[in-house]
Amino acid sequence: MEVAGTALRADLSGALVWDEQRLLVVSDLHLEKGSSYASRGTLLPPFDTVATLRRLATVIAHYNPRTVIALGDSFHDRDAHTRLSGDDRACIANLQVGRDWIWITGNHDPAPHGIGGEVADEITLGAVTFRHEPTGAPGEIAGHLHPKARVATRARTLERRCFVSDGACAVMPAFGAYAGGLNVRDAAFAKLFPKRAFIAHVLGDTRLHSIAAARCY
């Protein structure tokens, strides 16, 4: 995938890799979403944080990045970091060893703290700017919208998380185990890509599938 002339690798996990910079980006981890719902009376299996961190550890071990950017909404609410178990805190600390770690602020977690790493509203590297909420600006890579695409195959209809990009900017899929999704045909994407001239890089079972917006419904 290319954004603003920068070659990037869209990984099947939902992470984005910039090989030249040894940079790995994930978006919308929504850690402790299960416990947040439980506090309001909606009981979900309390394993989302463990599952998300396990997947994150796997992709970090594979690429061994020098820098990790978590692109906002890393925690489901502003107090979620206080509900992390000791084991989960230790896991995050271990993932940060030997690399730079940047938490981009999101609308759910305006200022994650006490868990290592640096906190920033956005960060620009070369021609690319990383922020949480997309504006459609050239060179922007954002999250927030949790894109998913619905496509028809010969056998069935599938709905999967996806990267969305028109080559100028991109929106990343949510990485969190309990994070939901917004269909790429939603008006929120039409504001960013007025001509719908984007590609949905859909997370398949064994590989990504690059599908034109016109084929998504």
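The outward face of helix H2, the one turned away from its buried side, carries the exposed residues Arg 54, Thr 58, Ala 61 and His 62. This is a predicted model, and in it H2 runs over residues 48-63, 16 residues in all. From first C-alpha to last, the helix reaches 23 Å, close to the 22 Å expected at 1.5 Å a residue. Its buried set is made up of Asp 48, Thr 49, Thr 52, Leu 53, Leu 56, Val 59 and Ile 60. These residues lie on the same side of H2, because they cover an arc of only 125° around the axis.

Next come the strands around S10. Strand S10 (residues 128-131) is covered on both faces. Val 128 and Phe 130 are buried on one side, and Thr 129 and Arg 131 are buried on the other. S10 pairs with strand S9 (residues 122-125) in the antiparallel sense, over four bridges, and Thr 124 stands opposite Thr 129 in this pairing. The hairpin that S9 and S10 form has two residues between the strands, and Gly 126 takes a positive phi near 60° there. S10 also pairs with strand S11 (residues 140-142), this time in the parallel sense and over two bridges. Thr 129 turns up here too, with Glu 140 as its bridge partner in S11.

With a relative accessible area of 25%, His 144 is partly exposed; the cut-offs put buried under 20% and exposed over 50%. Ala 4 is another non-glycine residue with a positive phi, here about 50°. Ala 4 sits in the loop between strand S1 (2-3) and strand S2 (6-7), and at 31% relative accessibility it counts as partly exposed.

As for open space, the largest pocket holds about 210 Å³. Strands S12 (147-152), S13 (157-165), S16 (199-203) and S17 (208-212) are the elements that each give two or more residues to its lining. That lining comes to 13 residues, with Val 151, Thr 153, Leu 158, His 209 and Ile 211 nearest the pocket centre. Sorted by class, the lining of the largest pocket has six nonpolar, three polar and four charged residues.

How values were computed: Residues numbered from 1 in each chain as written. Predicted model: local features only at pLDDT ≥ 70, side-chain atom pairs only at ≥ 80, totals over all residues. Heavy atoms only, no water. Buried < 20%, exposed > 50% of the residue type's maximum accessible area, 1.4 Å probe, protein only. Pairing = 2+ DSSP bridges. 1 Å grid on protein atoms, 1.4 Å probe; cavity = no way out; pocket = protein on both sides within 12 Å on 5 of 7 lines; lining within 4 Å. Points joined across faces, edges and corners; volume = space filled by probe spheres on them. Nonpolar A, V, L, I, M, F, W, Y, C, P; charged D, E, K, R; others polar. Expected span 1.5 Å × (residues − 1). Arc of directions from axis to C-beta.
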